Amino acid sequence: MHAKKVFAALAGSLLLLSCNCLTAFAEVALPEGAVKGLPEKLTAMDSDGNVVSSSTGEYFFHVENMDYGVTYTKDVQLMNLRDDKAYHIYFYVEPLFKNGEIDLEKGCECTFWLDGQEFYKGDVTGHGNIDLTQQVYDCGLYNPGDSHTLKCSVVWNNLDVLVGVDNGHRLIDINGEHVLVGSDDSGYVEGEIEFKWIFCAAVDEDYDPPKTGLFLAGNSFWLIAIAVLSVMTGGMLFLVFLKKKQKDANDKTNET
């Protein structure tokens, strides 16, 4: 990147990591019956094969050396692989910390969609049209075999969030890259932000597994089936008896 005598590199790190919270954060109230984590066979997996922790519900979305203006996306497939229970799946965002000359919390825009329907737009730490740091988002009811896609996009699209940077030397080259000078004239500025998504689930107590197959049929079916089998068995025994009687009669005729 060249800009005559004045130039600087910009670097950002967007981290969604599972780690101890470094700042005080109020506990989010979960829906009734919901617990952090995902029960067995309730699965959340992104397009890169990374899975949500089944025990803690925490999800890892890690981007290093972000480029300005580039959109980073993740598709997370939410699936219920059980055949006997239905669940609601929820998630929320927990901010951890930020530092550096680039305020990525204010400089990045985050958007969420569920099955293609946008439901959130705001900053990466969950403050937007809805506050994902204070309330959980219901990703829907998942009956056995159900699957839905949660999509997230993040783009660093605001350069007016630089802390201690001389904006008087901002330039734009042919590739649209912004060139700035840091507060210590080092020619390099960076930013880092860390937060995590937490998934939780609650079983749907009203779900009644469908009664399918012969062994799950009603009592009336079994009574009818037993009656039919009894009639058929009796009929077969009667025919065998008649044939045996006729055979005995023929044998006696032949003897005479």
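Buried, for these notes, means under 20% relative accessible area, exposed means over 50%, and partly exposed is in between, with a 1.4 Å probe and protein chains only. I started with Cys 139, which counts as buried at 1% relative accessibility.

**Ground rules.** I am working on a predicted model, where local features need pLDDT of at least 70, side-chain atom pairs count only at pLDDT 80 or more, and totals for chains, interfaces and linings use all residues. Residues are numbered from 1 along each chain as its sequence is written, and side-chain values use heavy atoms, with hydrogens and water left out.

**Cysteines.** How many disulfides does a search of the whole structure find? I got zero, taking a disulfide as a pair of cysteine sulfur atoms within 2.5 Å. For Cys 139, the closest cysteine sulfur is in Cys 200, 8.9 Å away, so that is too far for a bond. Cys 152 is in no disulfide either, its nearest cysteine sulfur being that of Cys 110 at 3.7 Å. I also noted that Cys 152 is buried, with a relative accessible area of 1%.

**The open sheet.** Next I traced strands (E), which are DSSP runs of at least two residues, numbered from the N terminus; helices (H or I) need at least four. Two strands pair if DSSP finds at least two bridges between them. Five strands form an open sheet with antiparallel pairing, in the order E3-E6-E11-E8-E9. E3 and E9 (117-122) are the edge strands, each pairing on one side only. From one strand to the next the twist averages 20 degrees; the axes are lines fitted to C-alpha atoms (for helices over the stretch in contact), and angles run from 0 to 180 degrees between N-to-C directions.

**Ser 153 in E11.** Ser 153 sits in E11 (residues 147-156) and is buried at 9% relative accessibility. E11 is joined to E8 (residues 108-114) by seven antiparallel bridges, and Ser 153 is the bridge partner of Thr 111. I listed its contacts (heavy atoms within 4.5 Å). Leaving out residues up to four places away in sequence, Ser 153 touches Thr 71, Tyr 72, Thr 73, Glu 109, Cys 110, Thr 111 and Trp 113.

**Cores.** A nonpolar core here is a set of buried Ala, Val, Leu, Ile, Met, Phe, Trp, Tyr and Cys residues joined through side-chain atoms within 4.5 Å. The largest has 36 residues, and Leu 78, Phe 91, Phe 112, Leu 150, Trp 197 and Phe 199 touch the most other members. Strand E14 (residues 188-203) gives the most to this core, with five residues. A second, separate core has eight residues, including Val 28, Ala 34, Tyr 90 and Val 136.

Lys 41 has a positive phi of about 70 degrees and is in the loop between E2 (35-36) and E3. Asp 115 has a positive phi near 50 degrees and lies in the loop between E8 and E9. Is Asp 115 buried or partly exposed? At 42% relative accessibility, Asp 115 counts as partly exposed.
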